[in-house]
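Here are my notes for a first look at this entry. Please keep the sequence and the model open while you read.

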Amino acid sequence: MFRAGQTVLIVACEDDPRAVGRTGRVLDEVQPGPLTNGRWTVDRISIWIAPVLCHAHELKALDQD
């Protein structure tokens with residue numbers, strides 16, 4: 001899965017299609033639960049795009065530290 005601060009590529013996003021093809025950073029420190037419907041919070045996408053919620057299959061990890 002993902003970890004807080006990890007850089008990801010957004011390959012799809014139901015929450016905001018404008019985020020597709022952009023990179024961002026995962027905010028969640030623990031695996032998402034029912035409050036977000038199992039979606040990860042991704043921030044630092046663009047000054048014009050607020051943080052988005054994405055399912056794991058909509059994200060691709062770019063750094064594997």
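How many helices and how many strands does the protein have? Bear in mind that this is a predicted model.

1. **Fold content.** The protein has zero helices and five strands. Read along the sequence, the pattern is β-β-β-β-β.

2. **Overall dimensions.** The chain has 65 residues, and a compact globule of that length would have a radius of gyration near 11 Å. The protein has 10 Å, so the value agrees with a compact globule. The C-alpha trace spans about 30 × 25 × 20 Å along its principal axes.

3. Of the 65 residues, 37% are buried. Now take the contacts with a separation of 6 or more: 46% of them join residues 24 or more positions apart.

4. **Surface and charge.** The accessible surface is about 4200 Å². Carbon and sulfur atoms account for 52% of that surface. There are 7 positive and 9 negative side chains. The centres of these two sets lie 5 Å apart.

5. **Arginine 18.** Look next at the loop between strand E1 (7–10) and strand E2 (23–26), where arginine 18 sits. Why is arginine 18 called partly exposed? Its relative accessible area is 49%, and the partly exposed class runs between under 20% for buried and over 50% for exposed.

6. **Partners of arginine 18.** Leaving aside residues up to four places away in sequence, arginine 18 touches Trp48 and Ile49. Its side chain also makes a polar contact with the side chain of aspartate 16, at 2.8 Å. Leucine 59 is 41 residues from arginine 18 along the chain, and the two C-alpha atoms are separated by 14 Å.

7. **Asparagine 37.** This residue lies in the loop between E2 and strand E3 (40–43). Check its backbone: phi of asparagine 37 is near 60°, a positive value in a residue other than glycine. Most residues other than glycine have a negative phi. Asparagine 37 counts as exposed because its relative accessibility is 56%, with exposed meaning over 50%.

8. **Arginine 44.** Where is arginine 44 placed? It is in the loop between E3 and strand E4 (52–54). Phi of arginine 44 is near 60°, again a positive value in a residue other than glycine. Arginine 44 is exposed, with a relative accessible area of 63%.

Note on methods
Residues are numbered from 1 along each chain as its sequence is written. This is a predicted model: local features need pLDDT of at least 70, side-chain atom pairs count only at pLDDT 80 or more; totals for chains, interfaces and linings use all residues. Side-chain values use heavy atoms; hydrogens and water are left out. Helices (H or I, at least four residues) and strands (E, at least two) are DSSP runs, numbered from the N terminus. The radius of gyration is taken over C-alpha atoms; the globule rule is 2.2 Å times the number of residues to the power 0.38. Buried means under 20% relative accessible area, exposed over 50%, partly exposed in between (1.4 Å probe, protein chains only). Contact means heavy atoms within 4.5 Å. Accessible areas come from the Shrake-Rupley method with a 1.4 Å probe; for residues, only the protein chains shown count as cover. Lys and Arg count as positive and Asp and Glu as negative; His and the chain ends are not counted. The place of a charge is taken as NZ of Lys, CZ of Arg, CG of Asp or CD of Glu. A polar contact is a pair of N or O atoms within 3.5 Å; within protein, one must be able to donate a hydrogen and the other to accept it, and residues adjacent in sequence count only if both atoms are side-chain atoms.
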